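Subject: Structure handover

Hello,

Please find the structure below, for your own use. My notes on what turned up in it follow directly after.

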Amino acid sequence: VSAGLHLRVNLSFRGEDLAAGTTVVANVYPANRDWGGLRDILIPAGDMVEPTRFEVPAGRYVVEVVMPSGKLLSQQTKVDDGQEVTLDIDDWDSPRESHSWQYFSGNLESGTVYRSPLVIPRPRSSSSRYFDRPAADVGVPGEPAPGDERLVAPATYWIPDSRTDGWSFARLNQLSRDMTRVDLRQIGALIAEGEPIPIPQPTESDGTSHLYRFDERGPLGPMGSPGVGHHQIGARQFLVVTGATDGYLVTLPSPWRDVHYRDVLVEVLVNARQSPTGSPVGVTVRDRAMGAGLGYLASGALSAAGRVFEDVEQMLYSKVTNPLAAAAGAYVLLGTESDPSPKPWHDWVWNLRSWFGWMSDGSILWAAHTLRTAETNAQIDEARAALVEAYQRGVPFYTLGLSWLIDGLSDFPEDDECQAMLKEVQRLSWRVDTRQPFVVLGLTGRPS
Amino acid sequence: MSRFLVHDVPVIGPGTHVLIIGVGRYPHLIGGDTPCQNPDGMGQLSSPPISARELANWFITSYNDPAKTLASVALLLSEADPQPFQNPKTNASFAVEDATADNAEAAIREWKDRADSDPGNRVFFYFCGHGVSEGEDMALLTSDFCSDNYNPLQGAIDLRRLRGGLKTAKASEQVFFIDACRVNSDVLISNSDGVAGRVPLLPGRRPVELPRELAVPYYATLAGAKAYARENSVSLFTEALLRAFRGAGSDDPQGRAGAWRVNTARLQEAIDHFMKEPVFAGEIVGVQVPVTGQLPVFVLHYLHDPPEVPVYVGCDVADDNALAEFVCLQGGAERARRALAEVDPENPQREWSLPLKFGDYDFRAEFAGDGIPRVIEDFQVRPVSKRVELRADS
């Protein structure tokens with residue numbers, strides 16, 4: 001006689017767009033090791049979601065959930081013959097309900113840490129997070145007193161329509177090389193079709209962490225009101241985040257459509273809370289089907305990310321709803337692939353390359369796949385051509401794309417053209433936050 | 001036998017070859033014998049040689065994969081008080097070579113030659129010491145870093161190019177553990193036009209006749225050695241790695257029919273767990289790692305014994321942790337106790353953390369006087385970790 005285990009993670013995402021929750025990866029371990037249990041199952045997460053039922057033999061179980069933030073949740077339960085047991089596993093430690101998606105995605109520390117009055121020693125490293133503070137050790141003049149860390153919201157500007165050559169490696173390298181202070185006029189001249197548009201206020205803010213949301217028309221103001229009016233939107237959008245000294249050029253994966261072709265909000269967190277770890281700017285998409293996958297991708301949990309993308313693989317690749325999401329899925333599926341046997345999504349990597357010329361990620365993915373599976377020198381030559389094409393198409397949307405492009409171009413040490421391109425890509429990568437899934441470029445860098 | 005090897009066993013067919021480098025003594029950095037003009041805030045580290053020795057010991061005594069048995073362990077150390085390394089299996093004693101750039105380069109080349117003995121080989125590369133990183137580039141600083149005033153990076157190994165060079169190695173499974181605490185030399189590589197140190201192996205493409213290489217990097221990327229390196233003990237990342245191998249990173253997907261094993265994905269989850277666990281990671285909790293995008297899943301290690309699991313025991317109200325004696329029982333017998341005298345005076349609310357073997361346990365919180373004990377019975381402890389919350393109504 002079997003029994004039913006009904007599982008869900010209980011947490012709140014503020015906003016109607018996520019009322020139906022999302023999915024996370026879980027494992028079910030039986031106390032009785034005669035049965036192996038369940039691994040890498042998907043369960044719903046949200047405060048209004050119905051649990052998913054799994055058939056199990058009677059017995060005691062430990063259920064473990066891997067959250068995109070990297071947090072592990074676990075709970076124990078007992079199921080008798082024929083019994084149906086529901087297990088709600090709580091994760092309620094977001095610093096603010098408004099910031100819950102960022103907490104869920106791993107961009108924001110837990111409420112306990114976030115609200116801690118402790119002053120954190122600030123190492124002088126680009127991997128630490130601070131905004132507009134001079135690099136220094138703890139205790140230097142100018143250090144804010146404990147609890148006095150609220151900063152004025154940084155100024156942000158939206159670039160809705162960048163120039164086609166605006167995201168070339170040469171152009172973005174020029175931008176980050178020449179600026180010691182953020183110069184909006186120069187940014188506008190180099191990468192935008194028009195003037196960067198100021199965003200007057202974040203969509204939500206607690207005074208330290210500022211959230212900017214974007215729908216298909218552009219930024220949203222407080223309470224979801226229209227942010228800046230109507231503007232012509234191009235193939236690639238950026239956000240410029242500037243403080244007194246620091247500045248970032250942020251890739252906006254917008255517009256983002258879910259697998260049903262509905263518009264999905266893009267959310268940018270500008271976090272001014274000082275921390276020895278973490279990024280000052282984090283980008284997520286409030287996509288209930290794929291958002292968790294992107295979170296897993298960012299935290300390095302590629303295996304869990306692969307599970308999420310596998311679940312929507314058919315929908316992701318059967319229709320051309322969102323090439324950016326398809327590219328994310330392809331990075332994860334290629335990154336976790338252990339055996340070279342042909343898979344249905346391999347064909348889609350070619351489509352990503354050939355159908356979406358504005359996105360260099362497709363060329364990079366196809367080149368990486370081809371280099372791995374090449375059996376002839378002709379195939380190696382094809383991979384090389386795709387890498388050159390990727391460089392010419394410009395900076396990828398995904399940070400992984402930069403990494404894989406460097407890796408691919410490095411495979412051709414005898415090739416002067418590849419080596420020249422490698423130098424430019426490498427140079428740009430020095431300014432990129434390698435912990436973020438989408439490319440976030442530091443504009444002003446650090447003093448030598 | 002190579003001067004770098006501390007363990008060498010003839011293996012027919014695929015085997016595992018390990019190279020471990022731990023750099024703590026930097027003569028040309030702050031606190032060294034001859035500090036250079038601009039050490040850029042970097043100084044001596046006590047943790048890396050200890051961490052490297054621990055890991056070498058673990059590989060020699062505990063690493064287990066019957067399909068790729070341990071064939072060799074090479075070790076380079078730079079430590080304040082150099083001591084021989086005693087192989088825990090053979091008791092043979094080895095004078096360990098200093099972790100200079102010359103020695104690291106030679107050791108890497110010899111290790112690559114061993115890796116070339118069979119396409120089925122697995123190689124591990126471990127580095128613990130100072131690191132400097134920018135974007136995709138990372139310099140692993142050897143003990144002679146800054147000995148050359150004209151080019152300090154003559155005393156470093158370029159990790160990205162090392163990984164590129166290993167594409168030509170026959171070994172098809174390549175695992176990298178980079179436990180490099182980073183300080184403030186964040187522009188050293190860009191100022192050197194992208195050169196991040198010496199390149200022991202020329203980069204190149206993987207020959208088409210070889211099986212695809214499955215390469216997995218694990219990074220610590222702890223920021224700021226001064227603030228976060230652990231004095232005279234194993235580093236946080238290496239501790240997490242060792243605990244993961246001892247059981248926290250294991251799983252038994254076949255139940256009783258199969259062995260507990262650590263695979264690449266489970267290892268990543270366990271390391272990530274430790275780095276996000278405040279009781280373990282303290283103030284660096286929540287450290288984010290660079291997105292590597294490479295995690296092909298394969299088994300790295302089969303456990304001989306049931307896994308050892310980190311367990312955190314506390315009351316639902318954290319203040320009560322300072323007042324409780326915690327007891328762990330198994331089969332009615334007391335297995336461990338946290339007495340009141342052991343409450344951490346600097347953090348009395350801290351949970352009691354202890355390693356326990358996989359199995360069922362009872363936990364109690366006992367209070368002085370008339371306090372009612374809190375009890376949880378038949379609590380299963382299994383990887384990755386377990387948190388025991390003793391509630392007032394339990």
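Confidence

Chain A has a mean pLDDT of 86, with 89% of its residues at 70 or more. Please keep in mind that this is a predicted model. Within chain A, the lowest confidence falls in helix H7 (residues 313-318), where the mean is 76. The highest is in H11(A), at 97.

Over residues 123-129 of chain A the pLDDT stays under 50, and the model has 44 contacts for them beyond four places in sequence. Residues 133-150 of chain A also have a pLDDT below 50, with 29 contacts in the model beyond near neighbours in sequence.

Salt bridges

How many salt bridges does a search of the whole structure find over all chains? The count is 62.

B:Asp251 counts as buried because its relative accessibility is 9%, under the 20% limit. A:Arg39, at 22% relative accessibility, counts as partly exposed.

Inside chain A, the side chains of A:Glu389 and A:Arg353 meet in a salt bridge, at 2.8 Å from N to O. A:Glu389 belongs to helix H11 (residues 377-393) of chain A and A:Arg353 to helix H9 (residues 344-355) of chain A, so the pair ties together parts that are 36 residues apart in sequence. A:Arg353 has a relative accessibility of 11% and therefore counts as buried. H11(A) is also the element with the highest confidence in chain A.

Inside chain B, B:Arg374 forms a salt bridge with B:Asp320, and the closest N and O atoms are 2.9 Å apart. This pair links distant parts of the chain, 54 residues apart: B:Arg374 is in strand E20 (residues 374-381) of chain B, and B:Asp320 is in the loop between E15 and strand E16 (324-330) of chain B. Both B:Arg374 and B:Asp320 are buried.

The network of salt bridges links A:Arg14, A:Asp17, A:Glu204, A:Arg213, A:Glu267 and A:Arg286.

A sheet in chain B

E15 (residues 308-315) and E21(B) pair in the parallel sense, over 5 bridges. Which residue in E21(B) is the bridge partner of B:Val311? That partner is B:Lys386.

A loop residue in chain A

A:Ser110 lies in the loop between helix H1 (100-105) and helix H2 (111-114) of chain A. Is A:Ser110 buried or exposed? A:Ser110 counts as buried because its relative accessibility is 18%, with the cut-off at 20%. Leaving out residues up to four places away in sequence, A:Ser110 touches A:Asp93, A:Pro95 and A:Tyr103.

Regards

Notes. Residues are numbered from 1 along each chain as its sequence is written. Chains are lettered from A and ligands numbered from 1 in the order in which they are written. This is a predicted model: local features need pLDDT of at least 70, side-chain atom pairs count only at pLDDT 80 or more; totals for chains, interfaces and linings use all residues. Side-chain values use heavy atoms; hydrogens and water are left out. Two strands pair if DSSP finds at least two bridges between them. Helices (H or I, at least four residues) and strands (E, at least two) are DSSP runs, numbered from the N terminus. Buried means under 20% relative accessible area, exposed over 50%, partly exposed in between (1.4 Å probe, protein chains only). Contact means heavy atoms within 4.5 Å. A salt bridge is a side-chain nitrogen of Lys or Arg within 4 Å of a carboxyl oxygen of Asp or Glu. pLDDT is the predictor's confidence in each residue, from 0 to 100.
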